[in-house]
Amino acid sequence: LSPRHTGRLRVAASFAERYTSVRPPISVVRSASVLAERFMPEQQLRDKVSSGLFRLGAKKRAYLVGPQLFAGDTRCIASSLSLPEDLVASVTGDCGYALGSSAGCALAALWSGLRPGAQVAMIHEGDGNSSGVLMEAV
């Protein structure tokens with residue numbers, strides 16, 4: 001995934017940007033709190049994931065590792081975009097939400113099934129940051 005750690009995937013495209021109109025729904029000061037009013041509306045989140053996939057140039061059969069905050073997020077978004085469920089990697093239903101490691105756990109769940117040429121689109125949205133990476137199995 002980097003010049004030091006090449007592995008079975010190579011980065012084909014990526015993007016990252018910050019937008020200040022959304023504040024993170026989770027804050028940690030002395031304890032963790034979740035503020036429901038800060039969650040991005042589902043329609044807006046779906047549109048951002050869709051535009052992220054387009055921006056990355058993902059193929060029609062690319063695997064999706066998307067927003068991981070709740071078990072249904074990625075699956076609901078994928079369904080509304082008509083993406084087949086077998087291409088959606090989400091482990092929050094099995095493992096729970098683990099902050100930044102949830103996407104890595106979802107990628108690990110795909111690992112044994114990745115064949116050369118397969119694409120994995122990893123999209124992050126919803127906390128004031130928007131990023132994506134398209135990886136190809138080699």
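# Salt bridges, sheet and pocket

Tutor: In this predicted model, the side chains of glutamate 17 and arginine 55 meet in a salt bridge, 3.3 Å from N to O.

Student: Why is the contact of glutamate 17 and arginine 55 called a salt bridge?

Tutor: The cut-off is 4 Å between a side-chain nitrogen of Lys or Arg and a carboxyl oxygen of Asp or Glu. Glutamate 17 and arginine 55 come to 3.3 Å, so the pair qualifies.

Student: What does the pair of glutamate 17 and arginine 55 tie together?

Tutor: Glutamate 17 belongs to strand β1 and arginine 55 to helix α1 (residues 42–56), so parts 38 residues apart in sequence are tied together.

Student: How many salt bridges does the structure hold?

Tutor: There are 3. Another of them joins glutamate 136 and arginine 10, with 3.0 Å between the closest N and O atoms. Glutamate 136 is in strand β6 (residues 129–137) and arginine 10 in strand β1 (residues 9–18), so this pair connects parts 126 residues apart in sequence.

Student: Why does glutamate 136 count as buried?

Tutor: Buried requires a relative accessible area under 20%. Glutamate 136 has 18%, so the term applies. Arginine 10 has 42% and therefore counts as partly exposed.

Student: What makes arginine 61 and aspartate 86 a salt bridge?

Tutor: Their closest N and O atoms are 3.4 Å apart, which is within the 4 Å limit. The pair links distant parts of the chain, 25 residues apart: arginine 61 sits in the loop between α1 and β4 (63–65), and aspartate 86 in the loop between α2 (71–80) and α3 (92–95).

Student: Why do arginine 61 and aspartate 86 count as exposed?

Tutor: Exposed means over 50%. Arginine 61 has 51% relative accessibility and so passes; aspartate 86 has 52% and so passes too.

Student: Which strands make up the open sheet, and in what order?

Tutor: The sheet has 4 strands in the order β1-β6-β5-β4, with mixed pairing. On average, neighbouring strands are turned by 15 degrees against each other, direction ignored.

Student: Why are β1 and β4 called edge strands?

Tutor: Two strands pair when at least two bridges are found between them. β1 and β4 each pair on one side only, and are the edge strands.

Student: Why is β6 described as largely enclosed by the rest of the structure?

Tutor: Of its 9 residues, 7 are buried, so the description holds for β6. For the chain of 138 residues, 36% count as buried.

Student: Which residues line the second largest pocket?

Tutor: Among them are Arg61 and Ser82, together with Leu53, Phe54, Leu81, Leu83 and Pro84. The pocket has a volume of about 230 Å³.

Student: What classes of residue does the lining of the second largest pocket have?

Tutor: The lining has 7 nonpolar, 2 polar and 3 charged residues.

Notes
Residues numbered from 1 in each chain as written. Predicted model: local features only at pLDDT ≥ 70, side-chain atom pairs only at ≥ 80, totals over all residues. Heavy atoms only, no water. 1 Å grid on protein atoms, 1.4 Å probe; cavity = no way out; pocket = protein on both sides within 12 Å on 5 of 7 lines; lining within 4 Å. Points joined across faces, edges and corners; volume = space filled by probe spheres on them. Nonpolar A, V, L, I, M, F, W, Y, C, P; charged D, E, K, R; others polar. Helix = DSSP H or I, 4+ residues; strand = E, 2+ residues; numbered from the N terminus. Buried < 20%, exposed > 50% of the residue type's maximum accessible area, 1.4 Å probe, protein only. Axes fitted to C-alpha atoms, helices over the stretch in contact; angles between N-to-C directions.
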